[in-house]
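I opened this notebook to keep track of what I looked up, one entry at a time. The structure comes first, then the entries.

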Amino acid sequence: MENCIFCKIVKGEIPSYTIYENDRIKVFMDINPIAKGHCLVIPKNHYTNLMDIDKDVLREIDEVIKELYPKFKEKLGAEGLTRMQNNELGQEVKHYHMHLIPRYKGDRQEPKVDEEAQKTVAEAFERLT
Ligand code: AMP
Ligand code: ZN
C-alpha cells in the first residue's frame with residue numbers, strides 16, 4: 001500500500017527496531033512508547049483493521065504473541081502483558097496492528113520511556129526470528 005507507514009517499515013524504507021519477524025508477521029518497537037518494551041505486531045500484508053484481516057493471519061499473530069510473552073518476562077522483568085488494538089475511530093495508522101504493552105508492578109506511576117530505552121529492549125531480544 002502506497003503511503004502506508006507500516007508497509008514502508010515492512011519494505012525497510014523506514015527503519016524500525018524489530019524484535020521478531022517471519023514471512024508474514026513483524027514485531028517492532030513503538031516510536032512513542034507508553035511503557036518499556038511497548039511494541040507493535042503487524043501482518044506484512046496490508047490489512048486495514050479487524051474487519052478485513054485474514055483469519056489465519058489473526059491466528060498467527062496470536063501465536064507469535066504467545067511466543068513473545070515469556071520473553072517480556074525473562075528479558076524485561078514484566079509481570080503482565082496488555083494487548084490493545086484500535087479499529088477505525090482512535091486508529092492513527094490504518095494498517096492492522098496489535099499493541100503489546102508489557103506491565104510492571106506499580107507501572108501506572110512510572111514515567112514514559114524514551115526511544116533509547118526502546119532500542120536497548122530491541123537489542124535484548126536479539127532480533128528473534
Ligand atoms: P494507533 O493509534 O493504534 O493507530 O497506534 C499507532 C501507533 O503507531 C502509535 O502508538 C505510534 O506511536 C506508532 N507509530 C507511528 N509511526 C511509527 C513508526 N514509524 N515506528 C514505530 N511506531 C510508530
Ligand atoms: Zn500498510
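**Entry 1: E126.** I looked up E126 and found it exposed, because its relative accessible area of 62% is over the 50% cut-off. The model is a predicted one. E126 sits in the segment after α3. I also checked how far E126 lies from H97: the two are 29 residues apart along the chain, and their C-alpha atoms are separated by 22 Å.

**Entry 2: the negative patch.** Which residues form a negative surface patch? I noted D114, E115, E116 and E123. For E116 I looked up the element as well, and it is helix α3, which covers residues 115-125.

**Entry 3: salt bridges.** Side chains of opposite charge can pair when their charged atoms come close. I searched the whole structure for such pairs and got eight salt bridges.

I took R24 and E60 to begin with. Their side chains meet in a salt bridge, with 2.6 Å from N to O. The pair links distant parts of the chain, 36 residues apart: R24 is in the loop between β1 (18-21) and β2, and E60 is in helix α2 (residues 55-76). Are the two partners buried or exposed? R24 is partly exposed at a relative accessible area of 42%. E60 is buried, since its 15% is under the 20% cut-off.

Next I looked at E63 and R59. They form a salt bridge in which the closest N and O atoms are 3.4 Å apart. Both residues are in helix α2 and four residues apart, so about one helical turn separates them. E63 counts as partly exposed at 41% relative accessibility, whereas R59 counts as exposed at 57%.

Then I turned to R103 and D107. Their side chains meet in a salt bridge at 2.7 Å, N to O. R103 is partly exposed, with a relative accessible area of 25%. D107 is buried, with a relative accessible area of 16%. I also wrote down a network here: E21, K26 and K44 are joined into one by salt bridges that share partners.

**Entry 4: aromatic pairs.** A pair of aromatic rings is described by the distance of the centres and the angle of the planes. My count came to two aromatic pairs. One of them is F6 with F28, with ring centres 5.4 Å apart and planes at 80 degrees, so I put the pair down as edge-to-face. What does this pair tie together? F6 lies in helix α1 (residues 5-11) and F28 in strand β2 (residues 25-29), so the parts tied together are 22 residues apart in sequence. I checked burial too, and both F6 and F28 are buried.

**Entry 5: positive phi values.** I looked for residues other than glycine with a positive phi, and noted N3 and E88. Phi of N3 is near 65 degrees. N3 is in the segment before α1, and it counts as exposed at 67% relative accessibility. For E88 I noted a phi of about 60 degrees. E88 belongs to the loop between β4 (80-84) and β5 (98-103). With a relative accessible area of 53%, E88 is exposed.

**Entry 6: M51.** I found M51 in the loop between β3 (39-43) and α2. M51 is exposed, because its relative accessible area of 74% is over 50%.

**Entry 7: E67.** E67 is in helix α2, and I have it as partly exposed at 49% relative accessibility. I then compared its place in sequence and in space with that of Y20. E67 and Y20 are 47 residues apart in sequence, and their C-alpha atoms are 10 Å apart in space.

Terms used
Residues numbered from 1 in each chain as written. Chains lettered and ligands numbered in written order. Predicted model: local features only at pLDDT ≥ 70, side-chain atom pairs only at ≥ 80, totals over all residues. Heavy atoms only, no water. Patch = residues over 30% accessible without salt bridge, like charges linked within 9 Å, V, L, I, M, F, W, Y side chains within 5 Å. Areas by Shrake-Rupley, 256 points an atom, 1.4 Å probe, with all protein chains shown as cover. Salt bridge = Lys/Arg side-chain N within 4 Å of Asp/Glu carboxyl O. Lys, Arg positive; Asp, Glu negative; His and termini not counted. Charge placed at Lys NZ, Arg CZ, Asp CG, Glu CD. Helix = DSSP H or I, 4+ residues; strand = E, 2+ residues; numbered from the N terminus. Phe/Tyr/Trp six-rings, centres within 6.5 Å; stacked < 30°, edge-to-face > 60°. Buried < 20%, exposed > 50% of the residue type's maximum accessible area, 1.4 Å probe, protein only.
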